[in-house]
Amino acid sequence: MTEGAIETTAGLVSSVSKRLSRLADMLPPVERAADIGTDHAKLLTLLVRQGKIRKGLGVEVVEGPWRTALNHVAGMGLSDVIEIRKGDGLEPLAPGEVQAVIIAGMGGKTITGILSRSPAVVQSLEWLLLQPMSQAAGLRNFLQGSGWRILEEALVMEREIIYPIILACPGEMPALSEWEAEYGPLLLSERSPLLKRLIEKDIQGLQEILKQLAKSESEESRLREAQILRKCQQMEVLMQ
Ligand SMILES: C[S@@+](CC[C@H](N)C(=O)[O-])C[C@H]1O[C@@H](n2cnc3c(N)ncnc32)[C@H](O)[C@@H]1O
């Protein structure tokens, strides 16, 4: 079945990834939401079909995905309720145009850059739904330092990759510890099996670095080894 032929919401849900489906579940119902870096626009079509949003706005900076998004929305017969704009980050949006912004599938640094370049749009929002592919600590610290509170967090595993999802609203949040920023204050307090698996994977990554460092005889490598070993020990404690 082609995507254009998917007519039922159940069919649409089963055609999107577990990650996109979880993002849709976590968005509170709003009148209008924007998906930045919308790519295929599947998240917006799912949100409209589920009745989570009445109007969707997709932003895409690259020509190819922008056309794919336009075609997908047209194929679903939703061009009257989902608009796809070509542009960079939040720049194509006016303050107050949407209540929620979703930015998923990009690095934490890219997401932080997009948010910090458009403060007027960000200040007008009720919700931010973010799914960083990397550098989640920097993104969480940015949220804390710019008047956003993390309200809900989730981890989703797909093809052995674990993705964090963050739902934030305007509000105060205490400064985050190193590990709260890295793994999420709420996720850390829950200590779910998936969080333990994520920490284990990160420890394995550090152990690979230790193997490489062991090949070097420099003083700098010994210092780095000691730092990494300390970090691994702290991470072991986090999993208990
Ligand atoms: C890996 S895809 C993720 C697509 C979708 N959001 C998802 O989670 O499945 C990232 C998309 O963001 C787009 N993108 C990257 N930087 C952007 C920016 N500054 N403004 C708009 N789109 C951007 C890319 O062209 C690409 O289509």
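## A first look at the rings, sheet and cores

The charged end of Arg19 sits over the ring of Tyr163, 5.6 Å from the ring's centre. To count as sitting over a ring, NZ of Lys or CZ of Arg must be within 6 Å of the ring centre and within 35 degrees of the ring normal.

| Charged residue | Ring | Distance to ring centre |
|---|---|---|
| Arg19 | Tyr163 | 5.6 Å |

A word on the model: it is predicted, so local features need pLDDT of at least 70 and side-chain atom pairs count only at pLDDT 80 or more, while totals for chains, interfaces and linings use all residues. Residues are numbered from 1 along each chain as its sequence is written, and side-chain values use heavy atoms, with hydrogens and water left out.

Now for the sheet. Seven strands make up an open, mixed sheet, in the order β3-β2-β1-β4-β5-β7-β6. Strands (E, at least two residues) and helices (H or I, at least four) are DSSP runs numbered from the N terminus, and two strands pair if DSSP finds at least two bridges between them. At the edges are β3 (82-86) and β6 (148-158), each pairing on one side only. Inside the sheet order, β5 (residues 127-132) and β7 (residues 161-170) pair in the antiparallel sense over three bridges. Leu129 stands opposite Leu167 in β7.

Leu129 turns up again in the largest nonpolar core, which has 32 residues; Leu27, Ile53 and Leu129 have the most contacts inside it. Helix α3 (residues 42-49) gives the largest share, five residues. A separate core of 28 residues includes Trp148 and Ile150. Such a core is a set of buried Ala, Val, Leu, Ile, Met, Phe, Trp, Tyr and Cys residues joined through side-chain atoms within 4.5 Å, where buried means under 20% relative accessible area (1.4 Å probe, protein chains only).

And which aromatic rings pair up? A search of the whole structure finds one aromatic pair. Trp179 and Tyr183 are stacked, 6.2 Å centre to centre with 5 degrees between the planes. Rings of Phe, Tyr and Trp (its six-membered ring) pair if their centres lie within 6.5 Å; planes under 30 degrees apart count as stacked, over 60 as edge-to-face and the rest as tilted. Because Trp179 and Tyr183 are four residues apart in helix α8 (residues 178-183), about one helical turn separates them. Both Trp179 and Tyr183 are buried.

Methods. Buried means under 20% relative accessible area, exposed over 50%, partly exposed in between (1.4 Å probe, protein chains only).
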